[in-house]
Amino acid sequence: MTKAKERGLFIAKIKARSPSTIIRHEFLGKGGFGEVYKGTLPKNIELREVAVKKVSHDGEQGMKQFVAEIVCMKSLKHRSLVPLLGYCRRKHELLLVSEYMPNGSLDDYLFNHDKPTLSWRRRFAILKDISLALNYIHTEADHVVIHRDIKSSNVMLDAEFNGRLGDFGMSRLYERGTDPTTTAAVGTVGYMAPELTTFGASTVTDVYAFGVFLLEVTCGRRPVELRVPVEKRFLIKWVCECWRGSSLLDAVDPKLTEFSSREVKRVLKIGLLCANLAPDARPSMEQVVQYLNGNLALPEFWPYSPGIGALTPTTLSPEQLSLESVSLSSSLCNTSMFITHTVLYGSG
């Protein structure tokens with residue numbers, strides 16, 4: 001057994017034996033499935049600072065998230081993923097122990113005015129980090145893993161501000177060469193591919209969400225905002241309109257004062273390509289990695305090309321759209337949606 005596995009199992013065992021083993025804890029945030037704490041372990045343990053997600057044991061969704069994260073993360077090892085170190089089920093508590101990310105979540109730096117502005121150089125590096133993570137879980141891991149909830153609040157930042165993809169509670173895995181089987185379409189408003197409610201999740205729906213994520217980070221805006229002029233409410237459409245008006249750089253986050261115009265334009269175009277309304281027209285994550293690195297030329301497409309800048313044909317109420325970060329679930333045979341997971345506050 002490797003040292004990493006031994007360490008993870010050890011953390012799980014001490015947690016199972018006594019929650020007081022974590023000698024100091026600090027509340028980080030709360031979501032629909034539970035609370036997240038920063039924990040400090042005894043000095044004789046190599047990795048002292050950890051993040052402990054206390055998953056709600058009351059509902060079926062909480063247990064599903066707990067199991068999904070363990071099943072998907074147990075065999076995943078990549079520098080751009082938040083590693084799961086251990087877990088346990090103790091009485092009415094479901095605990096997931098992960099490596100602590102000292103700089104919190106990316107969305108905090110994009111939307112919290114109390115945080116310093118991330119430079120374009122750092123944002124571009126984070127985008128590359130997450131593209132590598134997705135390419136790994138789609139094509140290089142032992143099984144194909146679909147994340148199903150890619151967004152800035154699920155991207156964590158380590159001590160050096162490297163991007164780490166986290167929160168695999170919505171994820172599913174399947175054998176290579178087989179079709180994924182999911183019983184529900186889950187995701188977050190604005191990031192959900194239009195075909196989710198009819199065909200279910202796939203690596204291609206992850207690509208769609210990643211495309212929206214590229215636009216979000218570059219523009220410093222959420223995918224859907226109702227408190228802005230009508231023409232700016234839907235990020236995908238607005239970026240495409242800027243391109244149609246030969247003013248693509250107008251879409252860039254105004255907080256960015258220095259950036260490479262060439263890089264920014266390329267990222268925005270990759271985002272629109274990934275968020276194409278037609279699934280077959282989206283690139284693979286392997287191609288996206290090469291696009292971002294400049295090792296592969298983008299295919300020729302224009303702001304008037306079919307599927308580019310088109311809105312997702314999903315009907316949502318104004319009340320749902322006004323929520324800044326909500327996850328939805330719907331039966332594949334029923335296009336009406338209902339909220340099952342909402343990030344309420346905090347950076348967890």
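Helix 7 is largely enclosed by the rest of the structure, because 7 of its 10 residues are buried (under 20% relative accessible area with a 1.4 Å probe and protein chains only; over 50% is exposed, and in between is partly exposed). The structure is a predicted model, in which local features need pLDDT of at least 70, side-chain atom pairs count only at pLDDT 80 or more, and totals for chains, interfaces and linings use all residues. Residues are numbered from 1 along each chain as its sequence is written, and side-chain values use heavy atoms, with hydrogens and water left out.

Helices (H or I, at least four residues) and strands (E, at least two) are DSSP runs, numbered from the N terminus. The buried residues of helix 7 are Leu 235, Ile 236, Trp 238, Val 239, Cys 240, Cys 242 and Trp 243. These buried residues pack against helix 6 and helix 8. Ser 246, which follows helix 7, has a positive phi, near 55 degrees.

Helix 8 (residues 261–274) has its end C-alpha atoms 20 Å apart, which agrees with the 20 Å that its 14 residues should span at 1.5 Å a residue; the expected span is 1.5 Å times one less than the number of residues. Helix 8 is also largely enclosed by the rest of the structure, since 10 of its 14 residues are buried. Among them are Glu 263, Arg 266, Gly 271 and Cys 274. The cover over the buried residues of helix 8 includes helix 4 (120–140), helix 6, helix 7 (235–244) and helix 9 (285–293).

Glu 69 lies in helix 2 (residues 60–73) and is buried, with a relative accessible area of 6%. Leaving aside neighbours within four places in sequence, Glu 69 is in contact (heavy atoms within 4.5 Å) with Lys 53, Leu 84, Leu 96, Asp 167, Phe 168 and Gly 169. Glu 69 and Phe 168 are 99 residues apart along the chain, and their C-alpha atoms are separated by 4.9 Å.

A search of the whole structure finds 2 cavities of 30 Å³ or more. A cavity is a set of points on a 1 Å grid over the protein atoms alone where a 1.4 Å probe fits but cannot get out, and lining residues have an atom within 4 Å of a point. The largest cavity has a volume of about 100 Å³, a volume being the space filled by probe spheres set on the points, which are joined across faces, edges and corners. Of the 14 residues that line the largest cavity, Arg 148, Val 186, Tyr 191, Leu 196 and Ala 209 are the closest to its centre. Strand 10 (184–188) and helix 6 (203–219) are the elements that give two or more residues to this lining.

Methods
1 Å grid on protein atoms, 1.4 Å probe; cavity = no way out; pocket = protein on both sides within 12 Å on 5 of 7 lines; lining within 4 Å.
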